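This report covers strand pairing, domain layout and chain symmetry, in that order.

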There are 2 protein chains.
Amino acid sequence: MALTSTDTSRYDNTLAVIRTLRDQGPVARVDLGALNGISSATVTSISAELLQQGLITERPPETPRPTGRGRPKTLIELDPNAACVVCIKLSINEIQLVVGDFLGQVRHSEYHAVPTLMLSAEDLETLLEEKISAICAQQLKGFQRLAGICLAVQGVVSSQSGTIIWSPALSFRNAPISARLAERFHCSVLLENDANCIASVLAAQPAYVDCPNLVVIMLGYGIGMSVLINGVPYLGANGSAAEFGHSKYHPDGALCACGRRGCIEAYASDYALYRAAAEHLELPAGDSAHPSEQQMQALTQLALQGDLLAQRIYAEAGRALGYGIANVLALFNPDLVLITGSGVRGFDAMQATMHHAIDEALVAELRGTTRIESCAWDRDMTCMGGIAMALHATDGETLSESQASFVS
Amino acid sequence: MALTSTDTSRYDNTLAVIRTLRDQGPVARVDLGALNGISSATVTSISAELLQQGLITERPPETPRPTGRGRPKTLIELDPNAACVVCIKLSINEIQLVVGDFLGQVRHSEYHAVPTLMLSAEDLETLLEEKISAICAQQLKGFQRLAGICLAVQGVVSSQSGTIIWSPALSFRNAPISARLAERFHCSVLLENDANCIASVLAAQPAYVDCPNLVVIMLGYGIGMSVLINGVPYLGANGSAAEFGHSKYHPDGALCACGRRGCIEAYASDYALYRAAAEHLELPAGDSAHPSEQQMQALTQLALQGDLLAQRIYAEAGRALGYGIANVLALFNPDLVLITGSGVRGFDAMQATMHHAIDEALVAELRGTTRIESCAWDRDMTCMGGIAMALHATDGETLSESQASFVS
DNA sequence: TTATTTATTTTAGTACCTAAAGTAAATAAA
DNA sequence: TTTATTTACTTTAGGTACTAAAATAAATAA
């Protein structure tokens, strides 16, 4: 008779095995059992299925002898070519396309300069279709299947409906982007906020694994945030949760790009810092409303080298940031707040006032034990996270589709 | 051989049946199956066990005929006396003790005036032991077992460790209260924030069931908040999440009871409103730092009846509240914000400026579709929520202990 | 060469669930 | 009044998935 609709234990255990193999690399059946709380007999049965489906392979025994007595472990590992995902990062004036294999490793990466603010929703769709088609044709040869596509976007997105609601990198609003790509490429399309991608990568790092409640603040052209609760991004009702950049520092504060006053972003983002400095300081020529990396580096240099006005600007940014973080601590009480993004280049110039503002705003009981740390920034991290999230989201499909193709 | 450690389906299904019966009242086996996605054969088997354990009873067929053809449904229902819980609400200068039955119905309630701010941790423990002992002796006669005790406390508590970290109703800090009570009364002791109790009750109401992400703001002597994410209270790392009252309105704002400046509580709590008014208005005599219900009602009356100064004070409170809510919307993006607590009495005098502040602070894309509503306040609601949470937390124990006692 | 150790596989047995068949208890229709 | 129909509940038969224990495999140590 039929499988009970509520009994998902085989499915759950199989996914657990796949994910353990992805996280830990090659693992023996005994250890897979111990790690996941299942018997090794069950692991034998699950791995036999996965082997038949071509999702895993047995690793040939090492030539250098295994240590210890007894029958040596037979390591099994994911077949990196069993599936792949494509992740596209959409940021202001640039898109990045990355191919990741079934292990989550980056196998290909390319950047394109694109005037994103000029694009209509149709332009963007067409552009993405073109670029992804090219990637499919050139880069996906050895893979058994394309499991999914992840679109990592700054701003407010609805993952559920696949709609870009509001992105600082784009001029249009409310574009249901996932549906068309899913239809065109016959695979799952995941739409994610870029900060959530970064947070997923950071949460997996050994230094932060014991932080079930993790807040990641992204400083850059704008200011983004991700809140992981028990390791999963908190999205809110419409996907506009964690909009730290537009939480408030001061009721009648500086003007923000969003049109309101007093947002944290209006003090601590690249454009806010540059705007405050441009009037008074000698800085590289360029669009001062959309400062380039080079422009920002020049400004940061001034602050770090002791220019008093630049220091004052960063100090005030740090104060706003700290004040905003105080609210985050009072409301989320996370284990850890990590500050990263391209804007961390200036973190040393903000740090002191930031900590001071936090202490001034919160009593010790509410300040709690939350660690607040900064963390080096790597422009490829977003897509690494997107790949991981896309694989995680599509493991179930990969599993059932491999099964189907084997049966038929 | 042994039951697989991962196979919890019978346990899960049994709990689901118990909880359905608690939420919906008497239900037939067919309907229990349909509601929980299990076959009625399984419900037959589960209900046979529960019947033997004495946790449910079959309801005798109704004298007025059931409508429709076919064999009439045999309704089963929880035995209200199968278990009970005691909930204690600890608020400033008052404690309430309530007995709830296995259905979650209040069976007994009593209030005691207690100078809570004068108590040491030991005093409190002794007092609670006394009061609970008396309740046990007098009120728990008909019940098969005391499943648990719930302590509902204003302020910051660690549910995990059972420690009261910081409560405005108490002078001491960091008191591990649960352990001693658990030892003394041989049952589970649940320590909960009062706002979480209220939120649990509200979330179950038909009007709000479609709000998986619910924020409840409690106005009163202090200002509390609860955030339910998918129906469960978000606690944070140390239990100090959702401290809305000490999130910020203004960097250099009014002095708060916590010792910091600019907290929302320093504008919109009872003591803040009364403090602002007492200098200038004729109000009932009394401790103006801890205004009584009567004092607050007098002040609210003035504002609602058009006294300009009182109106200005409430308007400013509304502005602070709205500003704080804007941050909550930006960070949590909930489906619904409910404003309640004894302080809602003055909500009409705050409403206009509150909404204005929210609109001024947030662009439409971030304002989202969140409903913001107020909701009538009932002083018994906290304990109703505490009972529900305690029952939910102890259903598993009740189940396994009834089983054990049946087997032996 | 044999004993020991450890890993994996096979076997036997259990718990749970569902579908389908059987039974029970009512109303509607002949 | 009897029979058919409908709906609810129970029993039976069959299937999946798991574990413990036994068997087998493959190494090292003695």
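In this predicted model, chain B holds an open sheet of three strands, ordered β8-β9-β10. The pairing is antiparallel. Strands β8 and β10 of chain B form the edges, and each pairs on one side only. From one strand to the next, the twist averages 15 degrees.

Strand β9 of chain B covers residues 163–166. Three bridges join β9 to β10(B), and the two run antiparallel. One residue pair can be named: B:W166 has B:R173, in β10(B), as its bridge partner.

Next, the domains. How is chain A divided? The table gives the bounds.

| Domain of chain A | Residues |
|---|---|
| domain 1 | residues 9–78 |
| domain 2 | residues 82–186 + 381–407 |
| domain 3 | residues 209–374 |

Taken over C-alpha atoms, the centres of domain 1 and domain 3 of chain A are separated by 44 Å.

Now the symmetry. What superposes chain A on chain B? A rotation of 180 degrees does, with 0.1 Å of shift along its axis. The RMSD is 0.1 Å. The two copies are therefore related as by a two-fold rotation axis.

Which residue of chain A comes closest to the rotation axis? That is A:H250, with its C-alpha at 2.9 Å.

Conventions: Residues are numbered from 1 along each chain as its sequence is written. Chains are lettered from A and ligands numbered from 1 in the order in which they are written. This is a predicted model: local features need pLDDT of at least 70, side-chain atom pairs count only at pLDDT 80 or more; totals for chains, interfaces and linings use all residues. Side-chain values use heavy atoms; hydrogens and water are left out. Copies are superposed by least squares on the C-alpha atoms of residues with pLDDT of at least 70 in both. Two strands pair if DSSP finds at least two bridges between them. Helices (H or I, at least four residues) and strands (E, at least two) are DSSP runs, numbered from the N terminus. Axes are lines fitted to C-alpha atoms, for helices over the stretch in contact, and angles run from 0 to 180 degrees between N-to-C directions. Domain bounds come from an automatic or database domain assignment.
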